[in-house]
Amino acid sequence: DTVHAPVVILGTGLAGYGLAREFRKHDQDTPLILITSDDGRSYSKPMLSTGFTKDMSTDDLAQMDAGSMGRMLKASVWTMTKVGAIDTEHQLIKVGDTDTAVHYGKLVLALGADVIRPPIAGDGLDRVYSINDLLDYDDFRTAMKKNDVKKVCLIGGGLIGCEYTNDLINGGFQTETVDPLGYCLPTLLPEPAGKAVQAALEEKGARFHFGPLVTEVNKAAVGVEVSLNNGETIVADLVVSAVGVRPRVDLAQASGIKTNRGVVTNRLLETSAPNVYAMGDCAEVDGHVLVYVAPLMAQARALGKTLAGEPTEVSYPAMPVTIKVPACPVTVAPPAEGAQGEWSFEIDGHNVKAEFRDSGGALLGFALTGEATRHKMTLQKELPAIMA
Ligand code: FAD
């Protein structure tokens with residue numbers, strides 16, 4: 001019967017574990033199962049890009065193992081278990097390569113996002129790393145040591161690429177960062193703010209190549225040679241690819257659940273299948289794909305109540321994003337896509353205060369760098385909610 005059928009959560013990232021915590025505040029009794037394809041250790045993913053700055057090993061970053069999480073949450077946590085199919089009609093999920101099927105009362109997809117892998121040729125691809133979870137981090141740190149790395153080439157000058165650039169500089173490494181667009185954080189920041197970040201990182205020794213694409217990574221006498229489509233080459237010991245992430249929608253898609261950019265949900269986080277919900281990086285909530293921590297926390301609070309029998313819609317206040325570039329701190333609240341208005345700037349060296357206002361003067365977004373980040377609270381209060 002569905003009363004005692006378990007709540008099953010797929011994924012043990014900040015979304016899956018965050019939801020389990022919220023759910024247990026309201027319901028101590030319903031059986032709870034969490035299933036993850038990794039080792040189930042809990043960790044804060046944003047800390048992955050501060051590892052050298054804070055001198056943190058993989059074990060330092062891991063907060064609790066799966067067993068401890070299970071005891072704390074009164075849940076069973078199944079690790080190294082990939083879910084391959086969902087039978088939404090009979091409310092069954094198929095785990096691993098076996099015929100084992102698990103019945104769910106409610107199912108939550110908290111599957112995260114995959115890194116996008118740019119099409120790159122060459123025989124040096126085993127030196128190209130993406131760091132999107134704790135196991136990736138461990139591989140990356142091992143490779144940095146094993147190859148006695150002095151210089152790293154980064155593909156991508158967006159949020160993740162700039163954070164790793166700054167972190168590697170802080171770790172004493174040389175960096176060269178390549179991005180086809182024109183300045184740092186090009187999809188998040190207006191140009192003067194992005195240029196300020198670039199200048200601050202360059203003062204710390206970072207080098208940037210804006211405009212070209214990386215086409216090949218080949219083995220060199222020592223390390224690898226990275227070829228750009230403008231004819232330049234960069235010699236480095238290791239390459240970090242950070243060109244962005246894409247919500248994991250395959251499992252939902254294969255199971256007949258509606259997907260678009262992410263797994264499509266309404267504001268109750270319900271997908272198109274009965275008793276199946278989605279949240280975190282994999283979800284597209286009422287049209288919004290927001291791959292950050294603040295939105296998934298808001299989702300966890302709402303869905304925790306919904307699953308405990310009190311249907312609660314998620315709402316989003318204004319949620320500025322802080323980017324961990326200590327050389328030039330950044331806080332940005334990008335205007336909604338298609339918003340009508342204009343940027344205005346106050347620029348003082350690396351300190352940029354950029355405001356995006358409509359013709360009536362209403363604030364619709366902002367970007368702050370350096371010391372101008374002190375204006376965050378004041379401007380945040382003036383912003384409209386993302387999803388009221
Ligand atoms: P994940 O943590 O990716 O969890 C997904 C889970 O699903 C994993 O447990 C995985 O094993 C499991 N899984 C996947 N497929 C299957 C399957 N088929 N079967 C079973 N299990 C499966 N956000 C901010 O707000 N501020 C920041 O400063 C910030 N910094 C960041 C820095 C870096 C380097 C990165 C990579 C991201 C950063 N983010 C930041 C984004 C933020 O970390 C993510 O939005 C958040 O961690 C996503 O959590 P999640 O639980 O949705 O996904």
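## Ligand surroundings

An oxygen atom of the ligand lies 3.3 Å from a backbone N or O atom of Leu-14. Val-83 has a polar backbone atom 2.9 Å from a nitrogen atom of the ligand, and an N or O atom in the side chain of Asp-281 is 2.7 Å from a ligand oxygen atom. A polar contact is a pair of N or O atoms within 3.5 Å.

There are 31 residues around the ligand, of which Ala-15, Val-83, Asp-281, Val-293 and Lys-324 come nearest; a residue counts as near if one of its heavy atoms lies within 4 Å.

## Basis of the values

The model is predicted: local features need pLDDT of at least 70 and side-chain atom pairs pLDDT 80 or more, while totals for chains, interfaces and linings use all residues. Residues are numbered from 1 along each chain as its sequence is written, and side-chain values use heavy atoms, without hydrogens and water.

## Helix 1 and helix 8

Helix 1 (residues 14-26) packs against helix 8 (residues 293-307) at an angle of about 35°, with the axes 8 Å apart. Their crossing is right-handed. Contact (heavy atoms within 4.5 Å) involves residues including Leu-14, Ala-15 and Gly-18 of helix 1 and Val-293, Leu-296 and Ala-300 of helix 8. The residues of this contact divide into nine nonpolar, three polar and three charged.

## Thr-81

Thr-81 sits in the loop between strand 3 (76-78) and strand 4 (83-87). Thr-81 is buried, at a relative accessible area of 16%; buried means under 20%, with a 1.4 Å probe and protein chains only. Apart from neighbours within four places in sequence, Thr-81 is in contact with Ile-35, Thr-36, Ser-37, Val-95 and Gly-96.

Key
Axes are lines fitted to C-alpha atoms, for helices over the stretch in contact, and angles run from 0 to 180 degrees between N-to-C directions. Helices (H or I, at least four residues) and strands (E, at least two) are DSSP runs, numbered from the N terminus. A crossing is left-handed if the near helix is turned anticlockwise from the far one by less than a right angle, and right-handed if clockwise. Ala, Val, Leu, Ile, Met, Phe, Trp, Tyr, Cys and Pro count as nonpolar, Asp, Glu, Lys and Arg as charged, and the others, Gly among them, as polar. Buried means under 20% relative accessible area, exposed over 50%, partly exposed in between (1.4 Å probe, protein chains only). A polar contact is a pair of N or O atoms within 3.5 Å; within protein, one must be able to donate a hydrogen and the other to accept it, and residues adjacent in sequence count only if both atoms are side-chain atoms.
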